[in-house]
Structures are given as C-alpha cells and as structure tokens.
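Here are my notes for your read-through. Please keep the model open while you go down the points.

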Amino acid sequence: MTDVSALSLEQLQQEYARLMALVVQQEQTLQQKSQTIQTLQHQLHLFRTARFGRKSEKGVVPEQMAIQFDEAVPVIIAEEQHPTEPQTETITYTRAKKNTGRKPLPQSLPYIEHTYDLSDEEKQCACGCTLTHIRDEVSEQLDVVPQMTFRVVHIRKQYACKACENTMRCAKKPEQPIPHSIATPGLIAAIINSKFRCHMPLYRQETMFNEAGISLTRGTLSNWVIKAADLLSPLVKLMEDDIQNYDIAYADETTLQVLKEKDRSATQKSYMWLFIGGPPSKRAFVYQYHPTRAHQIPADFFADFQGYLHADCYKAYVALGLQQHIQHVACWAHARRYFVDVTKTTKKSGLAQQAITLIGKLYQLEKSLKETNAQAHSIFAVRIQKAKPIVDELKELLDQATLKVLPKSPLGQAVFYALTHWDALKSYLYDGRLEIDNNLSERAIKPFVIGRKNWLFHGNDIGARSGAILYSFIETCKYHKVDVFSWFKYALTHIQQAHTLVQMEELLPYNINTQLLADLRSIPHLQFPE
C-alpha cells in the first residue's frame, strides 16, 4: 500500500485526478447500463403488449396498466410538472339506428319451389264445409351446391363439297386464353379469385375439385394461374404509365418467402412492393416482386415521375425525396406509432401523451373534412388556418424535448424520428389533394399479408411475379368496386382480341363498362345427362 505521507503534493493531485476519472467512467458505465435496461424493458413490454394486448393505437386499456413498467424515459434535467385542471367536454350527436333484422335475399338468384298442401281430410272443416284457399305463406331459405362445375361442349360444324370433294371447312371456335386446355376463362377466374382474394391455397382447391369427381392437380392449377398472369401482363404496363403520369403516388413494401430462387436460400427474405397512383377516378395499384429491398427498385419505378410520393421514412423513399422532381410526403401514423409505444410502457402522462394528443387533433380535423366531402382548395385553406398552428405547436414541443430527453431512449427515438423527417411530415399541409398518412398503401397491402398467412410462400420467383400481377388487378378492382371474378372472366375472354392500345385500355378495371360484367355470374341454361 502506498504511504500517503511519502507522496508529494503533485503525486497526490495526480492520484486524485486518476480516481476522479475512474469514478466518472464508472458513472457513465452505470448510466449506459441503466439506459440499456430501460430500453430492454420497453422492448419487452412492447412484445408482451403485441402478444397479449390490443393492437389498436386509439388508446391503452386501463387494465393493461397493471403489467406495465415504470417510466422508461430517462431525463437529464428534471423538471417539475404542475398538474392541470382536468377539462371535460360534452359532445352530443345523433346516430341512425342500424336495421338489425334479416336482410332479404337477392331476387336475381335462381330458385326452386317446394309447394306444401293439406291433405283432402285436412281440408274438411269440423262443421262439414270444405276449406277455401285464401293465400300462400311464402318463406325463403338459402341453399348452395359447393363449387358448382359444369362442362362446356364445343360443337364445330364441318362442311364438305360433294361435287369436287376438294373443299372442307370447319367453323372456328373462339380463341381460348390457354389453347388446348380444359380451362375456360370462368374456371381460371374462379381459381384466381379463390386464391388471391379469398386466400384459399391451391392444394385446398385441388381437394375441392377431387371431391367433386374432377381430377385436377395443384401443378395444373398453378400453371393456369401463371399463364393467365402472363396473358394479362400488358395491362399492368398501362397501369404503371397511369401512375407515372399523375403527380401523386403512394408506395410501400412487405416481406415474402420464395422457396426456389437462383443463388438464394429458401430462408432469405424477398419483398413484394406496392405502388399506387393515378387520379382518384383511375387509381391503379401495381404490385412488383423483387428479391431484395434495394433502393434502386423505387428509384427505377419513379424515374419519370414528377410530384408527391406518400411513403414511410424508409431510406429509399427519403432518398427519392431529395431529388428535385419528387416531394416526399411522410406518414403521420408512423410518427405517432413511436409515441404510442412509449405510452404503453408508462403510467405517467408526459411528452409522449402530449404529442399523441396534438397529432390526434390533426386527424380529427382530417376526419371532419372527409365527412363534409370538402374540395381540395377548401382542405388547403382549413389546413393552413387550423392544422398548421397545431403542427407548429408540436414542433416547438419536440424542440424543447431534445434538451431534456436522452437520444437513445424510446422517447428520444420518437422525438428524433419526427424531427428528422419534419419537412416531409408537414408536406401534406400545402396541397389539399394530399393525405395525412400513407394508410392507403397500408390498407392495400394488408390483403396480401392476410393471404400470405394462408398460403405461406411462393414456390419460385415465377409464381411470385405472377402473383404480383394478379394482386395488382384485384386491388384495383376492389378500389373501383368492380367484381373481381367477373372482371377476370371478361378480361381473359377478350384480351386476345384486344389488338390496339385503345382496346387494351378499355379492359382496365377503372375503364371497363360494368354493364358488360352484369351477367357473368349468372348460371347458364344447363343440359343434364340422362
């Protein structure tokens, strides 16, 4: 042990400085560990909430607070918060009561009749008179024959010249989408609709056909789907042009698993990209399959695009927003989500709750504008008058928070996200046609995610690209309220007769004459074998 009395003053000062440096280092280590613990507690609670709690961001159920941790937001400068008087607001409104009774069945459905009559003995009254028929009591039920299938028999008349015996002619059969196949446009449309819209995998459809006594393998069904997608692929190019020729677009992406792909393992993630655009009356939804999430994919798609791009703050979209011809419009729902995650792990109402409240006011304003069907110029005026002050107030709140909140804490990350993309977040204020969030893409990509939970994966990249083409038409049909099955049946029937650009454009879901689709679900007059 060092003899303190033998040390000089200079040596004591050096030893003191060394010990103080060691103390500071230990304090920094403890602070880092404390922050790590709080961050892990935050993540653990999010996992628990995702597993057992509600998914909605509209609020936190009070009963869930019992399993929450203490405030996971370390603050460098403690600031006393003065409690405010709770304010109550009474809101009255009227709501039309929904009719909860049974809805009548569509009269366009074919039907069969069962008539029930009394026996001759029951028609005799006790007084000796015969009962008189006064009315019929009619009730309806709904019946179904699963996967109704029928044969289409093509009879081609042949003629020959008996005089010269050199001429023989046969009537032509309409060109089929898949030559020399037993698949009609209606059958292919039903298979596509069942898998990609109703999320029924091909192996289940194979089982249904086999139970009906029809031998069809899933390999055959898959080949039909791929050939149908190839046949309709030129229409997707027209939809891409409509997206790029309008000045407002949307983008998003989600993961996909493809089992067999060149130079890639079956466990590697692939991606399904979604691009939306075009005027509301001709809005197109285009899916694209790509093995990666490379920045070049949206850059190539929007190479000729000029205008606003709604998207989250993935770096690929942020990079596009730095170009002169594209203005990135960020999503307020994503910015809010970070603050919502913080409130799920604390019982206190702090900065995160204040931010959520202000963002909620922005959404309430957007809701009122939609309910009144406000035009773009009116929306712009209201946003500048009412929404911009709220946005400015939130910006001031977040700027002040940067002085008090640790950057790597959950709240610090929420603040950092919002401030980093602030210009893109407030872009929606300056054009009444823009949306406050990217929920249009989120809603459009959700059916793909639901379907993925049923069929799990694509066998190869060819199937994935075919699925992207078919999903493009399905989501576009749904947006324009066009019957998916009827459109596919009509398009597959007429695509090979569309030889000009005008004829092909007439087949697009938002250009189709819906009267042409009216009877495509009707049951034809059938002949039954004896």
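1. Aspartate 431 is buried, at 14% relative accessibility. Buried here means under 20% relative accessible area, exposed means over 50%, and partly exposed lies in between (1.4 Å probe, protein chains only). Its salt-bridge partner is arginine 433, with the closest N and O atoms 3.0 Å apart. A salt bridge is a side-chain nitrogen of Lys or Arg within 4 Å of a carboxyl oxygen of Asp or Glu. Arginine 433 is partly exposed, with a relative accessible area of 32%.

2. A word on the source. This is a predicted model: local features need pLDDT of at least 70, side-chain atom pairs count only at pLDDT 80 or more, and totals for chains, interfaces and linings use all residues. Residues are numbered from 1 along each chain as its sequence is written, and side-chain values use heavy atoms, with hydrogens and water left out.

3. How many salt bridges does a search of the whole structure find? The count is 14. Side chains of opposite charge can pair when their charged atoms come close.

4. Helix H9 spans residues 376–401 and holds lysine 395 and aspartate 399. Helices (H or I, at least four residues) and strands (E, at least two) are DSSP runs, numbered from the N terminus. Lysine 395 and aspartate 399 form a salt bridge, with 2.9 Å between the closest N and O atoms. They sit 4 residues apart, so about one helical turn separates them. Both ends are partly exposed: lysine 395 at 26%, aspartate 399 at 33%.

5. Helix H13 (residues 461–479) contains arginine 465 and aspartate 461, 4 residues apart, or about one turn of the helix. These two form a salt bridge, and their closest N and O atoms are 3.1 Å apart. Arginine 465 is partly exposed at 37% relative accessibility. Aspartate 461 is also partly exposed, with 24%.

6. Which residues have the most contacts inside the largest nonpolar core? They are Leu235, Phe302, Trp332, Trp487 and Phe488, in a core of 119 residues. Helix H4 (residues 218–244) gives this core its largest share, 11 residues. A nonpolar core is a set of buried Ala, Val, Leu, Ile, Met, Phe, Trp, Tyr and Cys residues joined through side-chain atoms within 4.5 Å. Leucine 235 touches Phe473, Trp487, Ile495, Met504, Leu507 and Leu508, leaving out residues up to four places away in sequence. Contact means heavy atoms within 4.5 Å.

7. Serine 378 is in helix H9 and is partly exposed, with a relative accessible area of 30%. Serine 441 is in helix H12 (residues 439–455) and is buried, at 0%. Beyond its neighbours within four places in sequence, serine 441 contacts Tyr250, Ala251, Asp252, Leu274 and Ile276.

8. Last, the chain as a whole. The protein chain has 15 helices and 8 strands. Of its 530 residues, 37% are buried. Among contacts with a separation of 6 or more, 67% link residues 24 or more positions apart. The chain exposes about 34900 Å², and carbon and sulfur atoms supply 53% of it. Accessible areas come from the Shrake-Rupley method with a 1.4 Å probe; for residues, only the protein chains shown count as cover.
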